[in-house]
2 protein chains.
Amino acid sequence: MADFPKITLLAGGVGGAKAALGLALSQWRDHLSVIGNIADDEEFHGLWVSPDIDTLTYTLSGRINRQQGWGLNGDTSQVLNGLKTLGCDSWMFLGDQDFATHIYRTEQRRKGIRPSAIAQDIAWKNQVDIPILLPTDDVVQTRVSTAQGTLSFQEYFVREQCRPDVTAIEFHGAESAAATPEALAAIAGSDLIIIAPSNPLVSIGAIMSVTGIREALAASPAYCMAISPFIGGKTVKGPADRMLAGLGMQPSAATIADLYQDFLDALVIDQQDAHAAADLRQRGLDVLATNTLMTSDEEKRHLMDTCVSFAFSHIAEASA
Amino acid sequence: MADFPKITLLAGGVGGAKAALGLALSQWRDHLSVIGNIADDEEFHGLWVSPDIDTLTYTLSGRINRQQGWGLNGDTSQVLNGLKTLGCDSWMFLGDQDFATHIYRTEQRRKGIRPSAIAQDIAWKNQVDIPILLPTDDVVQTRVSTAQGTLSFQEYFVREQCRPDVTAIEFHGAESAAATPEALAAIAGSDLIIIAPSNPLVSIGAIMSVTGIREALAASPAYCMAISPFIGGKTVKGPADRMLAGLGMQPSAATIADLYQDFLDALVIDQQDAHAAADLRQRGLDVLATNTLMTSDEEKRHLMDTCVSFAFSHIAEASA
């Protein structure tokens, strides 16, 4: 392991942002890069909205609305009310200060600036110095097939509140999307890669849908650890459990092991799921059973610190 | 004169919006169309801002900030503060509810919808049923030459607060701009055309810079009356007096008569300038000297009603 070990976190959604914050609050802050999910991105009112990347940035900056887990603390909704008066859809909540981010991002994109550079610029201007990397600078968008037809991720997640049964998930544009050199370099150059307790399909799966990312994970010499987003067969937040069920999979640590099998070295599961540890170990995985619920900042820091210590002790053991 | 006489107002800036409101509050409301000025339009933060048209719409809807004469009553500035945090210029004040208008307009323009149709749509959604017509659907932008170099109108007017001496005014794009059929039809089909007490150079001059508009005014059978924006050699608001002086002209009713000489039938001047009436009449103009300061809504209504009555009595006289 390097003298100054590098850690890369793959993070999507609120679970991903919590894990990123946990690492940012730990002794490993300066070692960290985060690869976020851009497949939830969508245009609203002609503006390019990037919910997962913004949630990461706002969480790491401390500006996040903690009750919601997304959006800005104390934000108002004058712009959205105005757009409603003008006859626009308003089911996608966008706060006024948040609109500034979307306006700025859209203007920068129209100037031809790389989305990766824009995300980094917005992070810096929010006093976030942790690298927030995009998997691709191309447009990749999750499409959810349901009995109601094909929906964008925000239509499914926000407008329909995850009610429709999901029969298929597609990442539109992923095949022709090129991975960013920054994401590939972070994956290849890390000692430890952590997969956050995010939705394995529409967060982590979306990141890995970009051509080259999954292959880079498999080829990386890094120790690769995932934190299961399931506690007792349920997610803390979000529709991962119902989505998996719709696609004929169990919302369990074993499914996480299946989905990440080509690159996974270790799996962190909740204490409630400790019974699954033996089977997972039999599959050759290192297993840590601990409290994975991250409510307070201290719980976030503690979980991520515990995960990193566990990983580093196994890396040291393997190289001894 | 027709049984149902039609009135078209050429209006720019706060003076134009006041005259429009005066007519809207009068018995002539249903007879009215307003041609606004689009040469103050400018892109800010990637959004298309149309200050004069918005001032007209907001004034006629009653949503205007009356203290300022522009912007929306009670509007907040969360978006602009956010953009400032992101390193953007914030000298052009844009309120949050106002941003909704700019976001909507920009999205509609990008969809390829005619700017005239967008302006009308925004007016309707603000409960304004008076036709607000654009002189052109093309982009025409005022450029102000000063010792500091060439400035856009908003740079000159808002950022530099009209301080630089003006040596020339250009309407970029005017030569190749096509007048809208709506504006040409309104001018050709009116019984009375009123030129609001707006800046004769950058408001009315800008409207008339569009190829075909000035010719249509000269060719129209309508009785054409201008209200001088000067009272005792000064403007009520705005830089018209200083701009004229910079270009070697006097800020006087006589100058208004000169600038509009190819189509003007009547000039309304303030009582304070009544001494100029004889000279103006000698030039063949009908002259009404009255109180032209429009502070209250009642004063606006009264002035515009007085102007229309004066015009209609002269039209009736001529056809008798």
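**Close-up 1. Right-handed crossing of helix 3 of chain A and helix 4 of chain B.** The model is predicted. The two helices, helix 3 of chain A and helix 4 (residues 96-110) of chain B, pack with their axes 7 Å apart and at an angle of about 50 degrees. Helix 3 of chain A is therefore oblique to helix 4 of chain B. On the chain A side, the contact is made by A:Q78, A:V79, A:G82 and A:L83 of helix 3. Helix 4 of chain B contributes B:D96, B:Q97, B:F99, B:A100, B:T101, B:I103 and B:Y104. By class, the residues of this helix contact are six nonpolar, four polar and one charged.

**Close-up 2. The contact between chain A and chain B, with 24 residues from chain A and 24 residues from chain B.** On the side of chain A that touches chain B, helix 3 (78-85), helix 4 (96-110) and helix 5 (115-125) of chain A each supply at least two residues. Helix 4 of chain A gives the largest share of that side, ten residues. The residues of the side of chain A that touches chain B comprise ten nonpolar, ten polar and four charged.

**Close-up 3. An open sheet of three strands in chain B, with the order 7-6-8 and antiparallel pairing.** Strand 7 (149-152) and strand 8 (166-172) of chain B each have a single partner strand and stand at the edges, so one side of each is left without a neighbour in the sheet. On average, neighbouring strands of this sheet are turned by 25 degrees against each other, direction ignored.

**Close-up 4. Antiparallel pairing of strand 6 (residues 141-146) and strand 8 of chain B over six bridges.** Opposite B:T146 stands B:V166, in strand 8 of chain B.

Terms used:
Residues are numbered from 1 along each chain as its sequence is written. Chains are lettered from A and ligands numbered from 1 in the order in which they are written. This is a predicted model: local features need pLDDT of at least 70, side-chain atom pairs count only at pLDDT 80 or more; totals for chains, interfaces and linings use all residues. Two residues are in contact if their C-beta atoms, placed from the backbone, lie within 7 Å. Helices (H or I, at least four residues) and strands (E, at least two) are DSSP runs, numbered from the N terminus. Ala, Val, Leu, Ile, Met, Phe, Trp, Tyr, Cys and Pro count as nonpolar, Asp, Glu, Lys and Arg as charged, and the others, Gly among them, as polar. Axes are lines fitted to C-alpha atoms, for helices over the stretch in contact, and angles run from 0 to 180 degrees between N-to-C directions. Angles under 35 degrees count as roughly parallel, over 145 as roughly antiparallel, 65 to 115 as roughly perpendicular and the rest as oblique. A crossing is left-handed if the near helix is turned anticlockwise from the far one by less than a right angle, and right-handed if clockwise. Two strands pair if DSSP finds at least two bridges between them.
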